[in-house]
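The exercises below are to be worked with the sequence and the coordinates open side by side. Each task is followed by a solution in steps.

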Amino acid sequence: MVTFTAERFSPKRLSPSRIKAKIEPQLHWKVPMEKGVYKVADKYSKDPRWSNPDLDPVKPEDRTWGAVDYWAYWTSDMLAPPLSSTVSAVMSLGFTARETIPIVFCGFLLCSGALTLTGKMGARYNVAFPVLVRSIFGMYGSYPVIVLRSFVAAMWTAILCVQAGDFLNNCITAIWPSFANFPNHLPESAGITSAGLLCFFLYWMAQTILACMPIKKLRILFLVKGIIVPPRHAKMTSSYMNTAYSALTALNSIIGLFSSMAVNFPDFARFSKNNLAGYNQVLALPIIGTYLWGSFEWYMPAVIAKFDSRAAKFFTAFSFILATIGNQIAAGSYPFSNDISGLCPKYINIFRATLIISLFCVVSNPWQIIKNASGLLAFLSGYSMFMGAICGTMCSQYYLILNKKLNIHELYNGHGIYRYSKVGINWRAYASFFIAVAPLLPGFSKSINNSLDVGGIWKIYTFSCIYGFVVSGLTYYLICRYASDVGPAKIDEAVYPPGKSQTGDVEVGSADSEQDSYEEKNGVVEVAVGAKELK
């Protein structure tokens, strides 16, 4: 429970000395943090690449998220601009609002199933996606997967910056209508106007500061955002139905909206206080996601710009700015920061990764991606095929092969049971990934350049995310079951983080005394695991 005290809002929290104390350590080359809890007591104990406080399992006192918090999170995420843009982009394929609703419901229902499966992984062991993925792709094999997921998060953050900048443009125009006549000195090919670029940078500076907010406090933001941001309701627009493949493309785009979250939901699920008990998360997305704004105008700032009331234009645009900030942190900057810190914990932490993604928002020219609806659909479908294949492999390994049993300490040991080979890569996972993705590449190429003749194989690409999930999961299961077993990675009893108790499994890390508990929390205790190296 969050307590609000006078000290929390004291001006001293913003004093120059306090700000200097927080910023000055970040100016050094190495991360200004103590080593993580999980240090291997052998010759690899000085290797900082696997553990730091941002990557260690969440402490028991920080596991505070319950069912209400996660529903508030999904509510705030659903009422963000990307949902409106994606749904309206789907309608641009030729579907009416009434025809769009069942597509949206089915898409979000499939997303919810995948989110629940991956979320329970993080909630059970209280670790983030960069750590969890080591048990699937290998200690070093996890790096390419983390980079791929980081790129997706970075692109989403950049795209949302442009949309939020246009919402800010709506707010300024509502207050000063003359701003609508702001002189434009950029060519049409730039994909953005001078006023839009100005608003982009104003919002960019604000969101960079807010993105540094600690993740433990995010549930407050999501709750406030879910209350303030207005819902959208459907209304009839288009009057014709397109082909069956258009329906599959629409479904794939809806799934693509949350396909990246299906992979990295452990980043948030690790804060669960009850292991995401129950399956109520399965119902969250399809129920909340049926509140739509079914306008044929796919870009929300363009819809708000047509409001006659200046007050309605200002407050609606402002609420969407708040919605964008929450969505940007949840689906963009925080997952990116988690992923990048997992690549190089010695030099990059969440704070530094936040600055990196903020710079990326500028240099990536995201306004070119959202220039039209077809560009957004191509982007969503494109990355969803990779995310679907990764998610399918994760679920197959965790639920079918390992039977939900992991050794938490071995996830931080570069020469332990999750190394899988001399080079630290699980070739089985990559084999299943590429077998699933390869048939989708011709369709992906055609989505970028429609003039390409790839034959009828492009039809598979219309449901790329579902195809990738099923084929990768099934392929991985068959390889491990009949061709090459994962070996030492299969254990008889699960090993959990300190302070975690599970019926039927071994509890590791519970202290015999208060002193042991104190040392354990502060990273003093060295856990001797993985003494046997793979030859």
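This is a predicted model: local features need pLDDT of at least 70, side-chain atom pairs count only at pLDDT 80 or more; totals for chains, interfaces and linings use all residues.

Residues are numbered from 1 along each chain as its sequence is written, and side-chain values use heavy atoms, with hydrogens and water left out.

**Exercise 1. Characterise the protein chain as a whole.**

Step 1. Assign secondary structure from DSSP runs, numbered from the N terminus (helices: H or I, at least four residues; strands: E, at least two). The protein chain has 21 helices and 0 strands.

Step 2. Classify accessibility with a 1.4 Å probe on protein chains only (buried: under 20% relative accessible area; exposed: over 50%; partly exposed: in between). Of the 535 residues in the protein chain, 55% are buried.

Step 3. Examine contacts, meaning heavy atoms within 4.5 Å. Among those between residues at least 6 apart in sequence, 84% join residues at least 24 apart.

**Exercise 2. Determine how helices H8 and H15 are oriented and which residues make their contact.**

Step 1. Two packed helices are described by the angle between their axes and the distance between the axes. Here the axes are lines fitted to C-alpha atoms over the stretch in contact, and angles run from 0 to 180 degrees between N-to-C directions.

Step 2. The axes of H8 (residues 194-210) and H15 (residues 350-363) come within 11 Å and cross at roughly 170°. The two helices are therefore roughly antiparallel, a class that requires an angle over 145 degrees.

Step 3. H8 contributes Phe-200, Phe-201, Trp-204, Gln-207 and Thr-208 to the contact, and H15 contributes Thr-354, Leu-355, Ser-358, Leu-359, Cys-361 and Val-362.

Step 4. Sorted by class, the contact of H8 with H15 holds 7 nonpolar, 4 polar and no charged residues. Ala, Val, Leu, Ile, Met, Phe, Trp, Tyr, Cys and Pro count as nonpolar, Asp, Glu, Lys and Arg as charged, and the others, Gly among them, as polar.

**Exercise 3. Which residues of the largest nonpolar core touch the most other members?**

Step 1. The largest nonpolar core has 110 residues, of which Trp-74, Met-261 and Phe-265 touch the most other members. Helix H7 (residues 142-175) gives the most to this core, with 15 residues.

Step 2. A second, separate core has 7 residues, among them Ala-153, Ala-154, Ile-340 and Ile-357.

**Exercise 4. Is Ser-472 buried or exposed, and which backbone oxygens does its side chain reach?**

Step 1. Ser-472 is placed in helix H20 (residues 464-483) and is buried, with a relative accessible area of 0%.

Step 2. The side chain of Ser-472 reaches the backbone oxygen of Ala-389 at 2.9 Å and that of Gly-468 at 2.6 Å.

Step 3. Leaving aside residues up to four places away in sequence, Ser-472 touches Gly-388, Ala-389, Gly-392, Thr-393, Ser-432 and Ala-436.

**Exercise 5. Describe the backbone and setting of Asn-403 and Lys-404.**

Step 1. Asn-403 lies in the loop between helix H16 (373-401) and helix H17 (427-437). Lys-404 also lies in the loop between H16 and H17.

Step 2. Asn-403 has a positive phi of about 55° although it is not a glycine, and phi of Lys-404 is near 65°.

Step 3. Asn-403 is partly exposed at 45% relative accessible area, and Lys-404 is partly exposed at 33%.

Step 4. Glu-493, in the loop between H20 and helix H21 (514-521), is 90 residues from Asn-403 in sequence and 10.0 Å from it in space, C-alpha to C-alpha.

Note on methods:
Angles under 35 degrees count as roughly parallel, over 145 as roughly antiparallel, 65 to 115 as roughly perpendicular and the rest as oblique. A nonpolar core is a set of buried Ala, Val, Leu, Ile, Met, Phe, Trp, Tyr and Cys residues joined through side-chain atoms within 4.5 Å. A polar contact is a pair of N or O atoms within 3.5 Å; within protein, one must be able to donate a hydrogen and the other to accept it, and residues adjacent in sequence count only if both atoms are side-chain atoms.
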